[in-house]
Amino acid sequence: MKAPAESSANKLQNGAIRRALLNWHRAHARDLPWRRTRDPYAVWVSEVMLQQTQVTTVVPYYERFLRAFPTIERLARSPFEKVAKQWSGLGYYRRARYLHSAARKVMKDFGGQFPPEYSLARQLPGVGHYTACAVLSIAYNQPLAVMDGNAARVMARLAALRGHLQQSRFRHAVEEMAQRLLSPREPGLFNQAIMELGQTVCLKGVPHCPICPVRAWCHAWSQGQPESYPQPRPRRPTEARHLATAVIRKGKRIVLTQGLDEGLLDDLWNFPAAFGSSPQEAFENLQNKLMKETLAAIHRRSPIATVQHRITYRLIYAEIYPATLRNGTRADALRWFALNELDDAPISQLTRKIAKVIQRTTNAPSQTWSRSGSAMRPLEPTPR
Ligand code: SF4
């Protein structure tokens, strides 16, 4: 990726920012396990785990994962169930599935080595622009600037750029600036330094400008309102949805199927469920779905409980209906899970919540409950 042409004055200034940042990083960066290696596989695992997840959460998972799968070959040879178990609790299981299938592709097509070329790296499942640039710059020293939310914030403040990451004009401007600032000799270290600055000093709320190594060149700081950059991205309004959920259980075991509905949570096991804009519509959609898949029959038309759960902009009211398996259900469409072994299972947070509620209601069959936040309250009967 070629950096745009720049004037001599800009070159001098960029050189000074670069040096200040790299020196600060050498002296102050946190000691994180993935910073002690340049093994492309280990860097790749860390970058995948760090997507959407806090550094402190990732550290123990990263260490356990590399103990379980120390090489790409070991990862590729392991069944996905074993990988999912190591990933359990980290969330966004799709990342684990992609990592696993990408490891298999690396073994098959790239001789067991993470490809050192951008175009080849992008052929791997789950490796987008960000991950390719991060791994190639850190592990192979390639001059590719990375752009995550932290780096974008630092760039926006340094240059006092208006806008937010959902605008292509803004994205383009911060990417171009990062590419111009990038250290040609130590691109991986520079990328890590920018992200570290965003995570520990140039914070999303109030930045710690007095201790910032690049304050002297920061336009947002000199204007006196650094926290107003970048602009917050507009929030999508909350959408309330009803989700009719079938609970099939035998003693302490329950039946789950893969995916939720409408393409959500595809990689995780969930109670059979269907969305609707009202409890009635969701119930009917669920009945049709269960009928079509010859899966289960619902016992009653009123739910035994309602669980409230948020997935991004969706506020879900999951209404729970007891159900039984139909004769002739395909075994590959479902799986039995023991209620007391769900901690390590690749299931969604919503499934965990529902499982907790049904465990609580087991000994009080005549009591129905609704869950709102952490408080339990009796459920109003649903009019039908
Ligand atoms: Fe961020 Fe403040 Fe540093 Fe500017 S001076 S980059 S706003 S921490």
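Reply: The protein has 14 helices and ten strands; helices (H or I, at least four residues) and strands (E, at least two) are DSSP runs, numbered from the N terminus. This is a predicted model, in which local features need pLDDT of at least 70 and side-chain atom pairs count only at pLDDT 80 or more, while totals for chains, interfaces and linings use all residues. Residues are numbered from 1 along each chain as its sequence is written, and side-chain values use heavy atoms, with hydrogens and water left out.

First, the whole. Taken along the principal axes, the C-alpha atoms fill a box of roughly 75 × 50 × 30 Å. Of the 384 residues, 48% count as buried; buried means under 20% relative accessible area, exposed over 50%, and partly exposed in between (1.4 Å probe, protein chains only). The protein exposes about 19300 Å², and carbon and sulfur atoms supply 50% of that area. Accessible areas come from the Shrake-Rupley method with a 1.4 Å probe, and for residues only the protein chains shown count as cover. Among contacts with a separation of 6 or more, residues 24 or more positions apart account for 64%, where contact means heavy atoms within 4.5 Å.

The buried residues are Pro 40, Tyr 41, Ala 42, Val 43, Trp 44, Val 45, Ser 46, Glu 47, Val 48 and Met 49. In general, an α-helix has 3.6 residues a turn, so residues three or four places apart point the same way.

What covers α2? The cover of its buried residues includes α3 (55-68), α4 (72-77), α5 (80-87), α6 (93-109) and α8 (129-140). Just after α2, Gln 52 takes a positive phi of about 65°. Most residues other than glycine have a negative phi, and most peptide bonds are trans.

Not counting residues up to four places away in sequence, Val 127 touches Trp 44, Phe 114, Ala 121, Arg 122 and Ala 132. Val 127 is found in the loop between α7 (118-121) and α8. At 4% relative accessibility, Val 127 counts as buried. The C-alpha atoms of Val 127 and Tyr 229, 102 residues apart along the chain, are separated by 29 Å.

Tyr 229 is joined to Pro 230 by a cis peptide bond, with omega about -20°. Pro 230 is found in the loop between α12 (219-223) and β1 (239-250).

Asn 141, in the loop between α8 and α9, has a positive phi of about 60° although it is not a glycine. Asn 141 counts as partly exposed, because its relative accessibility is 33%. Glu 262 also has a positive phi, near 55°, and sits in the loop between β2 (253-258) and β3 (269-270).

Arg 335 lies in strand β8 (residues 335-338). Because its relative accessibility is 27%, Arg 335 counts as partly exposed.

Elsewhere, helix α9 (residues 149-159) gives three residues to the lining of the largest cavity, the largest share of that lining. The cavity has 15 lining residues, and Cys 202, Cys 209, Cys 212, Val 214 and Cys 218 lie nearest its centre. About 100 Å³ of space lies in it. On a 1 Å grid over the protein atoms alone, a cavity is a set of points where a 1.4 Å probe fits but cannot get out, and lining residues have an atom within 4 Å of a point. Grid points are joined across faces, edges and corners, and a volume is the space filled by probe spheres set on the points. The count comes to two cavities of 30 Å³ or more.

Definitions and conventions: 1 Å grid on protein atoms, 1.4 Å probe; cavity = no way out; pocket = protein on both sides within 12 Å on 5 of 7 lines; lining within 4 Å.
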